[in-house]
Amino acid sequence: MTRGQVLVVEDDLDIVKVVKAYLERADYAVEAVTSGRAGLERALEASFDVIVLDWNLPGLSGLEFMEQLRTERATPIIMLTARTEEGDRVLGLERGADDYMTKPFSPRELVARVQAMLRRAALNVDNPEMLRRGSLVIEPLARRVTVSGRTLEMTVLEFDLLYTLAREPGRVYHRDELLERVWGLDYLGVDRVVDVHISNLRQKLEVASLRSLIVTLRGVGYKFTEIFE
């Protein structure tokens, strides 16, 4: 029995061979495609637990891939790229990546990040309960967020962040605490990831006129407001 289904979208055949070997050795079922367009088609027609995605792809770039995928699927994405600037990392996260690794990378670390991503996909809370915060309703078992009955599409990490904050309105969470609770103790990436996902989450809440639900305390962290409409 496999531990999960992974789609690798990468045009470098040497990288594909190594990534596939390491993931399969860790008991993951792996499917690999070498173009962005073909990868998007597979990601939309089949169910994968994690997508490992290259930034520079023929036909359809990694950024374009994510923009189109995110209109229909919240599948966790680990982006691979040779771009090392912080601005590039932030851009990748803003466009829909859940995690980010720069080339050259350690195949063992990639496997560890896939494992961590799958552990996070099942919300790790005791007795998960539906939350009602004014017009906002969060259903952890269905992993669904609605505002006045309208569904808001969330990625796995956006949902987990929102649920973590909303469970204890008024409580301030430091960035490091959110990393530990949502990304896990074994997260090996950059801590800026919290800020980017909070920003993405606010943009989605803003569509429902709820952006102010998440408050920033400069130099301290974030909290979910205690005032609901």
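Thr 225 touches Pro 169, Ser 212, Leu 213 and Val 215, leaving aside residues up to four places away in sequence. The model is predicted. Helix α6 covers residues 156-167 and packs against helix α7, residues 175-183. The whole structure holds one aromatic pair. Phe 159 and Tyr 163 form that pair.

**Thr 225**
- Thr 225 sits in the segment after β12, which spans 221-224.
- Its relative accessibility is 14%. Buried means under 20%, so Thr 225 counts as buried.

**Packing of α6 on α7**
- The two helices, α6 and α7, pack at an angle of about 120°. Their axes are 10 Å apart.
- That angle makes α6 oblique to α7.
- The crossing of α6 past α7 is right-handed.
- From α6, the residues in the contact are Leu 157, Asp 160, Leu 161, Thr 164 and Leu 165. From α7, they are Leu 178, Arg 181, Val 182 and Trp 183.
- By class, this contact has six nonpolar, one polar and two charged residues. Asp and Arg count as charged, so Asp 160 and Arg 181 are the charged residues here. Thr 164 is the polar one.

- A pair of aromatic rings is described by the distance of the centres and the angle of the planes.
- For Phe 159 and Tyr 163, the distance is 6.3 Å centre to centre. The angle between the planes is 5°.
- Planes under 30 degrees apart count as stacked, so this pair is stacked.
- Phe 159 and Tyr 163 are four residues apart in helix α6, so about one helical turn separates them.
- Phe 159 has a relative accessible area of 2% and is therefore buried.
- Tyr 163 is at 1% relative accessibility, so Tyr 163 also counts as buried.

**Thr 151**
- Thr 151 lies in strand β9, residues 150-152.
- At 41% relative accessibility, Thr 151 counts as partly exposed.
- Leu 136 is 15 residues from Thr 151 in sequence. In space, Thr 151 and Leu 136 are 9.8 Å apart, C-alpha to C-alpha.

How values were computed: Residues numbered from 1 in each chain as written. Predicted model: local features only at pLDDT ≥ 70, side-chain atom pairs only at ≥ 80, totals over all residues. Heavy atoms only, no water. Axes fitted to C-alpha atoms, helices over the stretch in contact; angles between N-to-C directions. Parallel < 35°, antiparallel > 145°, perpendicular 65-115°, else oblique. Left-handed = near helix turned anticlockwise from the far one by under 90°. Contact = heavy atoms within 4.5 Å. Buried < 20%, exposed > 50% of the residue type's maximum accessible area, 1.4 Å probe, protein only. Phe/Tyr/Trp six-rings, centres within 6.5 Å; stacked < 30°, edge-to-face > 60°.
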